[in-house]
Structures are given as C-alpha cells and as structure tokens.
Amino acid sequence: MDKDRIKQAYLDYVLRKGTPPASVYKLTSKLNIPEAEFYQYYANFDAIDREIWADFARQARQRAATEPVWEQYGAREKLLGFYYTLLELLKQNRSYALNSLRRSLHRMPGLTPRVLDDFRQDFEQFVQDILQEGKRTEEVAVRPLLQESYPRLFWQQALFVLGFFAKDDSLNFERTDAAIEKAVTLSFDLVGRNTLDSALDLARFLVNRR
C-alpha cells in the first residue's frame, strides 16, 4: 500500500538524515510515485509524525491488552501496563521519538508538542475508559465536580513520563520504569477514595442531620 510505503520512507529518511526531507517531491521521487499521490494520504510531513505517534499509542494499548491477565487488571494496573508497553515501543524507536519531539518543541517552546495531538486524543479516551471501569469497582472515587478534568490531568502525567524518558540516561531506562510506577501510584492515590472523600462524607452527613 502506497500510504505505508510513504510513511516508512519518511521514517527511514528522518532516521538517516536527522531531519525531514526538504520537500514532498524529494520524498516521492525516491519512491517513484507522483507527488500528488502523497496528498491523497497526508497534508504534509507533520501529519505523518502525528500518525506515527498515534500508532505508538494504539500499538501500546493493543499489545498490553493481549496479556492473559489484562481483564483481571484494575484501572491502575491497566495504566501501568500501557505505560510499560509504550516504553518498550519507544526504546525501539528512541531516535525517531526524540527527533520528532524536539522538532515540535522547537516550533512551539513551552507548549504540548503538536506532534502528540493524535496521541493525546487516543490516550485521553483510553484513560476515560479505564477510569470509568475504576468507578464501577470503586477504585476511583466519584467526584462530579472534578472527574471531568481527570483525562486532562492524566495527560500531564503522560507528558511527564515522555519528558523523563527523553532525558533518561540510566541503563535500559530503569529510572523511567521507576518514574512511571511512582507517577501512576500518586495519580491513583489522588483519584481514589482518600481523606478528602471521608471529610466530604462527614460534612454531608452533618448537613443532612440539620
């Protein structure tokens, strides 16, 4: 399929040269296809970058879900499984991942890299799904005024994980493994039932008595 060939040729070029091709024509000429055919699948090279990152998210979810114990996992374990699987994918594609992130950050310093736009949509939907499961099992507290913001908060966690991975120089990225576990543990300490919920329950009880 030409779309797959275009994406793979672009990825190979970025890995060899450290930068995208100078033009769409330069890439398509190497593939011996008309330039117009590129635009049947992608608007520009940025669209390929976004799709590759979306592929990382989708593959991480799919691979993690093939674990025999996946259906027995709670929300916390499913998020950990996703992150650890994503980390393995990023290890295999570290050169491209860092290159694309840095290019995107250079254009929009201080903001979420645009290259992660499609990745973010997929990730936030995944988080929303597992948190919904967590509410049914009472792993996640029901907080009507706050819970709508949970996917966005977990996205900040994902950015932390990606940023930590990008700077990690430990053997086999062991520090990133540890950072993932600590970040996920903290997040579920916050969204699970805790002292705040007990205090609110007591306040509601006292108000209702009056």
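User: At the start of α4, which side-chain oxygen reaches to the backbone nitrogen of Asp-46?

Analyst: First, the ground rules. This is a predicted model, where local features need pLDDT of at least 70, side-chain atom pairs count only at pLDDT 80 or more, and totals for chains, interfaces and linings use all residues. Residues are numbered from 1 along each chain as its sequence is written, and side-chain values use heavy atoms, with hydrogens and water left out. Now the case: a side-chain oxygen of Asn-44 comes to within 3.1 Å of the backbone nitrogen of Asp-46.

User: How many residues does α4 have, and what span is expected?

Analyst: Helices are DSSP runs (H or I, at least four residues), numbered from the N terminus. The expected span is 1.5 Å times one less than the number of residues. Helix α4 has 21 residues. From first C-alpha to last it reaches 31 Å, close to the expected 30 Å.

User: How do I read the packing of α4 and α7? What is the angle?

Analyst: Axes are lines fitted to C-alpha atoms, for helices over the stretch in contact, and angles run from 0 to 180 degrees between N-to-C directions. Under 35 degrees counts as roughly parallel, over 145 as roughly antiparallel, 65 to 115 as roughly perpendicular, and the rest as oblique. Helix α4 (residues 45-65) and helix α7 (residues 117-136) pack at about 25°, with axes 7 Å apart. The two are therefore roughly parallel.

User: Which residues of α4 and α7 meet?

Analyst: Contact means heavy atoms within 4.5 Å. On the α4 side are Arg-50, Glu-51, Trp-53, Ala-54, Ala-57, Arg-58 and Arg-61. They meet Asp-117, Asp-118, Phe-119, Asp-122 and Phe-126 of α7. By class, this contact has 5 nonpolar, no polar and 7 charged residues. Ala, Val, Leu, Ile, Met, Phe, Trp, Tyr, Cys and Pro count as nonpolar, Asp, Glu, Lys and Arg as charged, and the others, Gly among them, as polar.

User: Is Phe-126 buried or exposed?

Analyst: Buried means under 20% relative accessible area, exposed over 50%, and partly exposed in between (1.4 Å probe, protein chains only). Phe-126 has 9% relative accessibility, so it counts as buried. Leaving aside neighbours within four places in sequence, Phe-126 touches Arg-61, Trp-70, Lys-78, Leu-79 and Phe-82. Its C-alpha lies 9.5 Å from that of Ala-57, 69 residues apart along the chain.

User: How is α1 placed against α4: roughly parallel or roughly perpendicular?

Analyst: Helix α1 (residues 2-17) packs against α4 at about 95°, with axes 11 Å apart. That makes α1 roughly perpendicular to α4. Among the contact residues are Ile-6 and Tyr-10 of α1, and Ile-48 and Ile-52 of α4.

How values were computed. Polar contact = N/O pair within 3.5 Å; in protein donor to acceptor, adjacent residues only side chain to side chain.
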